[in-house]
Amino acid sequence: MRVVLLGPPGAGKGTVAAALVAAYGVTHVSSGDLLRAAVAAETEVGRKAKAFMDSGRLVPDEVVVAAVVERLSQEDGRRGFVLDGFPRTAPQAEALDQALAAHGTALDAVLALEVPEAVVVGRLTARRTCEQCGRIYNLQTLKPAEDGVCDACGGRLIVRPDDRPETVRKRLEVYARQTEALVHYYEGRGLLIRVGAEGPVETVREAAVAALADAAS
Ligand code: ADP
Ligand code: AMP
């Protein structure tokens, strides 16, 4: 199964991806996680990406495409993936199609998570992320058992620097200007499945898993 998750920051892509991994055993590839790991490791990619990420702008296509295509070409990625946060521009979508075609494969479905802007702003301000394993929590809707500590690995829960209100506003503008049109790109290719993502976490996870089960049958 090769799936893309589309939706604004805070729509729940990472949260839904974790459910798809559990249900279908696919590999979760998050471009944001790849880039944050590169920044932390101070690699060449990380040095190129950092300033863009800190200010809520998109990292240049060639940097992100190279990182994601390399990740997808690894053994687990070749068996199937759920892509979260990529593509975010038309050139990225075209590069993904080409990279898959070069291996004789293609996307099976694109899930568009639909949620009003006011809701995602609230979610992002309350998001906490484990600095060790990347698991996602929310102070309102998905609390850890112990304040500030990851249930899964005991790591420290942090606020992502780009979840500050002024950067969140910028990221939502960038989504509207550069990414939202991909919904039509994939609709035109008959791949798009819209999933209402405003409900509670469990409802949205179940809806996403069911949408893919329908698409596969
Ligand atoms: P994205 O990957 O699209 O940026 P996340 O999966 O990180 O979004 O979710 C953003 C925040 O909203 C997180 O704190 C997450 O726990 C919370 N969240 C995700 N889905 C829901 C939902 N359906 N209802 C309420 N909160 C949610
Ligand atoms: P995310 O974790 O998906 O919210 O991404 C965090 C930040 O990483 C974004 O605001 C961008 O700066 C950068 N980023 C992640 N994915 C991409 C992408 N596909 N294209 C460009 N920049 C990206």
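Glu42 is exposed (over 50% relative accessible area, with under 20% buried and partly exposed in between, for a 1.4 Å probe and protein chains only), because its relative accessibility is 60%. The structure is a predicted model, in which local features need pLDDT of at least 70 and side-chain atom pairs count only at pLDDT 80 or more, whereas totals for chains, interfaces and linings use all residues. Residues are numbered from 1 along each chain as its sequence is written, chains are lettered from A and ligands numbered from 1 in the order of writing, and side-chain values use heavy atoms, with hydrogens and water left out.

Glu42 lies in the loop between H2 and H3; helices (H or I, at least four residues) and strands (E, at least two) are DSSP runs numbered from the N terminus. The phi angle of Glu42 is near 55°, a positive value in a residue other than glycine. Most residues other than glycine have a negative phi, and most peptide bonds are trans. A cis peptide bond is found between Phe86 and Pro87, with omega at about 0°. Pro87 belongs to the loop between S3 and H6.

Two packed helices are described by the angle between their axes and the distance between the axes. Here the axes are lines fitted to C-alpha atoms, for helices over the stretch in contact, and the angles run from 0 to 180 degrees between N-to-C directions. H2 contributes Gly32, Leu35, Arg36, Ala38 and Val39 to the contact, and H3 contributes Val45, Gly46, Ala49, Lys50 and Met53, contact meaning heavy atoms within 4.5 Å. By class, 6 of these residues are nonpolar, 2 polar and 2 charged; Ala, Val, Leu, Ile, Met, Phe, Trp, Tyr, Cys and Pro count as nonpolar, Asp, Glu, Lys and Arg as charged, and the others, Gly among them, as polar.

Helix H2 (residues 31–40) also packs against H4, at an angle of about 105° and with the axes 10 Å apart. This angle makes H2 roughly perpendicular to H4. Ser31, Leu34 and Leu35 of H2 meet Val64, Ala67, Val68 and Arg71 of H4. The contact comprises 5 nonpolar residues, 1 polar and 1 charged.

A further pair is formed by helix H7 (residues 117–125) and helix H8 (residues 165–179), whose axes are 11 Å apart at an angle of about 140°. H7 and H8 are therefore oblique to each other. The crossing of H7 past H8 is right-handed. Glu117, Val120, Val121 and Leu124 of H7 make the contact with Val168, Arg171 and Leu172 of H8. Of these residues, 5 are nonpolar, none is polar and 2 are charged.

In soluble globular proteins, nonpolar side chains tend to be buried together. The largest nonpolar core in the model has 28 residues, and those with the most contacts inside it are Leu6, Leu83, Leu96, Leu107, Val110 and Tyr186; such a core is a set of buried Ala, Val, Leu, Ile, Met, Phe, Trp, Tyr and Cys residues joined through side-chain atoms within 4.5 Å. At least two residues of this core come from each of S1 (2–6), H3 (44–54), H4 (61–72), S3 (81–84), H6 (90–102), S4 (109–114) and H9 (182–188). H4 supplies the largest share, 5 residues. Apart from this core lies another, of 22 residues, among them Val16, Val26, Val82 and Leu111.

The loop between strand S6 (136–138) and strand S7 (157–158) holds Asp151, and Lys143 lies in the loop between S6 and S7. Asp151 counts as partly exposed because its relative accessibility is 41%, whereas Lys143, at 58%, counts as exposed. Beyond its neighbours within four places in sequence, Asp151 is in contact with Tyr137, Pro144, Ala145 and Glu146. With neighbours within four places likewise left aside, Lys143 is in contact with Tyr137 and Asn138.

Conventions. Angles under 35 degrees count as roughly parallel, over 145 as roughly antiparallel, 65 to 115 as roughly perpendicular and the rest as oblique. A crossing is left-handed if the near helix is turned anticlockwise from the far one by less than a right angle, and right-handed if clockwise.
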